[in-house]
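Below is a short note on a structure that may be new to you. Please read the points with the model open.

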Amino acid sequence: MVALRKHFMNDILNKSMVLVLNRNWQAVNVRTPQEAFCMMATNVATGLEIEGESHIRPLTWDEWLTLAIRPQDNAVQTVRGPIRVPTVIVAVNYAKVPKKRPKLCARAIRERDGNRCQYTGRVLRPDEGSMDHVLPRSRGGKNAWENLVWAGKDVNARKGNRLPQEAGLKLLSVPRAPKELPASATIRNAHCIPEWKLFVRE
């Protein structure tokens with residue numbers, strides 16, 4: 001494994017992500033190729049060889065090492081030759097579907113607030129809005145679900161470092177953290193990996 005880690009190709013590691021399923025084949029997480037290889041090499045996970053919906057085969061680490069590299073595959077060079085990077089692995093002893101909140105980011109705030117300015121109610125295009133700290137950061141406001149709202153850029157600029165009431169604004173609703181959802185509902189196939197489409201909702 002030391003030799004394997006030393007010979008990882010950085011571009012593959014940076015660009016590739018591996019979908020993790022529980023033993024019931026439900027999506028539960030996303031890992032880097034290096035983490036996926038470690039899970040497979042220690043028999044925590046098996047790799048899925050996927051040739052379309054009709055051919056899905058779980059393989060142990062030793063079996064995975066013998067796979068040919070197809071044109072569409074990412075691979076890493078090791079002292080023992082190239083190894084195919086899996087796109088999906090199965091955590092063989094894990095049955096749960098953990099619950100998660102979406103990652104706190106501008107997109108999540110925009111989705112939570114329904115693309116509406118939380119001061120005017122106006123529906124915004126993504127480029128017309130930005131995150132606003134209800135209690136400005138300059139006055140101790142934190143990056144938290146309860147202190148962030150989606151607002152029109154013009155409204156946000158007008159508000160500046162003031163409280164809403166100081167700027168003559170009023171929130172339409174109290175910002176709250178979204179409910180926790182099953183991990184499978186929060187995983188996005190952002191890179192449009194064909195094999196993920198079998199396990200992740202678009």
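1. Which side chain of opposite charge is nearest to R110, and how far away is it? The nearest one is E111, at 5.4 Å. R110 is buried and has no salt bridge. Buried means under 20% relative accessible area, exposed over 50% and partly exposed in between, with a 1.4 Å probe and protein chains only. A salt bridge needs a side-chain nitrogen of Lys or Arg within 4 Å of a carboxyl oxygen of Asp or Glu; Lys and Arg count as positive, Asp and Glu as negative, and His and the chain ends are not counted.

2. This is a predicted model, in which local features need pLDDT of at least 70 and side-chain atom pairs count only at pLDDT 80 or more, while totals for chains, interfaces and linings use all residues. Residues are numbered from 1 along each chain as its sequence is written, and side-chain values use heavy atoms, with hydrogens and water left out.

3. R110 belongs to helix 5 (residues 106-112). Helices (H or I, at least four residues) and strands (E, at least two) are DSSP runs, numbered from the N terminus. Leaving aside residues up to four places away in sequence, R110 touches N115, P126 and W150, where contact means heavy atoms within 4.5 Å.

4. The whole structure holds 2 aromatic pairs. In W25 and F199 the ring centres are 6.2 Å apart and the planes stand at 75°, so this pair is edge-to-face. Rings of Phe, Tyr and Trp (its six-membered ring) pair if their centres lie within 6.5 Å; planes under 30 degrees apart are stacked, over 60 edge-to-face and the rest tilted. W25 sits in the loop between strand 1 (18-21) and strand 2 (27-31) and F199 in the segment after helix 7 (183-186), so the pair ties together parts 174 residues apart in sequence. W25 is partly exposed, at 32% relative accessible area, and F199 is buried, at 18%.

5. The rings of F37 and W61 are also edge-to-face, because their centres are 5.5 Å apart and their planes are at 70°. F37 is in helix 3 (residues 33-41) and W61 in helix 4 (residues 61-64), 24 residues apart. F37 is buried at 0% relative accessibility, and W61 is buried at 11%.

6. N43 has a positive phi, near 65°; N43 lies in the loop between helix 3 and strand 3 (45-50) and is exposed, at 56% relative accessible area. C192, in the segment after helix 7, has a positive phi of about 55°.
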